[in-house]
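Trainee: Please walk me through this structure. I would like to learn how to read its features.

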Amino acid sequence: MFSKLTLLFRIPELRRKIMLTLGLLLVYRLGSWIPLPIVSQELLRQNIENMAGDTGGLGQMMQIVSMFSGSNLEQATIFGLGIMPYISASIIFQLLTSVYPPLEQLKKEGESGQRKINEYTRYATIPICLVQSYMWINWLRSGMGSGMSLIQTGYDEPFFIFACVLTMTVGTLFLMWVGEQIDAYGIGNGISLLIMAGILARMPIEAWGLISKGVNEGVQLGAGKGLDVGELLILAVIFVTVVVGVIAITQGQRRIPIQSAKHVRGNRVMGGQRQSLPLRVNQAGVMPIIFASSMLLFPTMMFSWLGSIWPESSMVAMLTNVFSNSRSGYIYNVLYIFLVYFFCYFWTAIMFNPKEISENLQNYGSFIPGYRPGNRTAAYLEQVMIRITYVGAAFLSVIAIFPTLIMNLFADLPVGIAMFYGGTGLLIVVSVALDLVQKIDSHLVMHNYSGLLEADDR
């Protein structure tokens, strides 16, 4: 394995791509620590620490936003929005390409049409950044709901607020540019690598805090504070098990046999090869968890708001407790699983078009043995996708509620560690890492070397 890693830097082209990618990721991490000058970082840190133990409501929202945007919300920085506005714009246009005919036509034009859609996505990112950065600054002005402004004295003026909004907007646009440069001249998917770098950057701090707490307090199993060596070993075993499961499901495929029609040209018979159409078990990726988490934040915030208006209402208080305490709220977790299933089928239906695949097979002279080209083939593909999506949705449901199970098993486990164990962060990291390994392998194969995870036959 060590010889394979050193091989990456002996191929000039691959070495340049890796060094460029690492350099741009370093710039991203450095920018994530440059604070906005008008914000009191000390007061912000104290507010974040007060929310750190909250497994629902604002605490959960902060964890989710930090994870999926690759941002550092413990500090208000120039990259405070992360890459989430661009991801939001991309999701919007992916949905629109399925329901809006002009965009659907652009998508069918191939690479040129996709470039045009990407251009529209960049333009749409700008207003999203402006709105989100303004809302973020206003939330800091309100003390994140506490009523005490986090803006430094003398800087709560329209000019300084506009400067911060503009700075955070430009920061996100710069990250969007960094991601595109990695796509064009580096290696791997730039946006995904930025998100993965943001997740991994948080893990050493969380892990060291977990280990040092258990060591410094010298607690025993069941003492109620910290974690002992036995519990840390159990966590390590669970971690390895979850990683293996995530890799298995992420790589899992249902291969549909395909046969091309035979053509007779002169004395030669061409075609007739048997191939396969791979259908991923987890076709929707991590998107259903993102959508489900976002949807559950709305009732959490709504009932919290209603509770402040009608504090005497026992019904509102009960609903507020149900949606703000994911650790013990069975209704919350049942709704979570239901939404994951719903969005898994919803996103798969948008991204997977069996009729289009059937038409493409027919145009290329291929067919699925036992099924007529056209509607029969499309119906068969849809039926298969419905069945394997059920398995993928079950896997995502387990991943979604795993933080709750882990926190119930280990009462002193930090929320950040639990959410990473919960697979949402782990699913992103593993998926991006597998994609990166595949891209590196393609470069190695081009230079007549075996892949990173393959045995060297030479």
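**Reading the model**

Mentor: Begin with Phe79, which lies in the loop between helix H4 (57–69) and H5. Helices (H or I, at least four residues) and strands (E, at least two) are DSSP runs, numbered from the N terminus. This is a predicted model, where local features need pLDDT of at least 70 and side-chain atom pairs count only at pLDDT 80 or more, while totals for chains, interfaces and linings use all residues. Residues are numbered from 1 along each chain as its sequence is written, and side-chain values use heavy atoms, with hydrogens and water left out.

Trainee: Is Phe79 buried or exposed?

Mentor: Buried means under 20% relative accessible area, exposed over 50%, partly exposed in between (1.4 Å probe, protein chains only). Phe79 has a relative accessible area of 6%, so it is buried. Its C-alpha atom is separated by 9.4 Å from that of Leu36, 43 residues apart along the chain.

Trainee: How many helices and strands are in the protein chain?

Mentor: The chain holds 17 helices and five strands. Of its 458 residues, 46% count as buried. For contacts, the rule is heavy atoms within 4.5 Å. Among contacts between residues at least 6 apart in sequence, 72% join residues at least 24 apart.

Trainee: What span should helix H5 have?

Mentor: The expected span of a helix is 1.5 Å times one less than its number of residues. H5 (residues 84–99) has 16 residues, so it should span 22 Å. Its end C-alpha atoms are 23 Å apart, which agrees. The buried residues of H5 are Met84, Pro85, Tyr86, Ile87, Ala89, Ile91, Phe93 and Thr97.

Trainee: At what angle do the axes of H7 and H8 cross?

Mentor: Axes are lines fitted to C-alpha atoms, for helices over the stretch in contact, and angles run from 0 to 180 degrees between N-to-C directions. Helix H7 (residues 111–141) and helix H8 (residues 158–185) cross at roughly 135°, and their axes come within 8 Å. Angles under 35 degrees count as roughly parallel, over 145 as roughly antiparallel, 65 to 115 as roughly perpendicular and the rest as oblique. H7 and H8 are therefore oblique to each other.

Trainee: Which residues make the contact?

Mentor: Among them are Arg122, Ile126, Leu130 and Trp136 of H7 and Ile161, Val165, Met168 and Glu180 of H8. The contact divides into 12 nonpolar, four polar and three charged residues. Here Ala, Val, Leu, Ile, Met, Phe, Trp, Tyr, Cys and Pro count as nonpolar, Asp, Glu, Lys and Arg as charged, and the others, Gly among them, as polar.

Trainee: Where is Gln181?

Mentor: Gln181 is placed in helix H8. Its relative accessible area is 18%, so Gln181 is buried. Not counting residues up to four places away in sequence, Gln181 touches Leu24 and Gly186.

Trainee: How far apart are the axes of H13 and H15?

Mentor: The axes of helix H13 (residues 330–351) and helix H15 (residues 375–409) are 9 Å apart, at an angle of about 145°. By class, their contact has 14 nonpolar, six polar and no charged residues.

Trainee: Where is Asn282 found, and what does Asn282 touch?

Mentor: Asn282 is in the loop between strand S4 (274–280) and helix H11 (287–309). Asn282 counts as buried, at 2% relative accessibility. Leaving out residues up to four places away in sequence, Asn282 touches Ile249, Phe395, Leu396 and Leu427. Asn282 and Ile388 are 106 residues apart in sequence and 8.0 Å apart in space, C-alpha to C-alpha.
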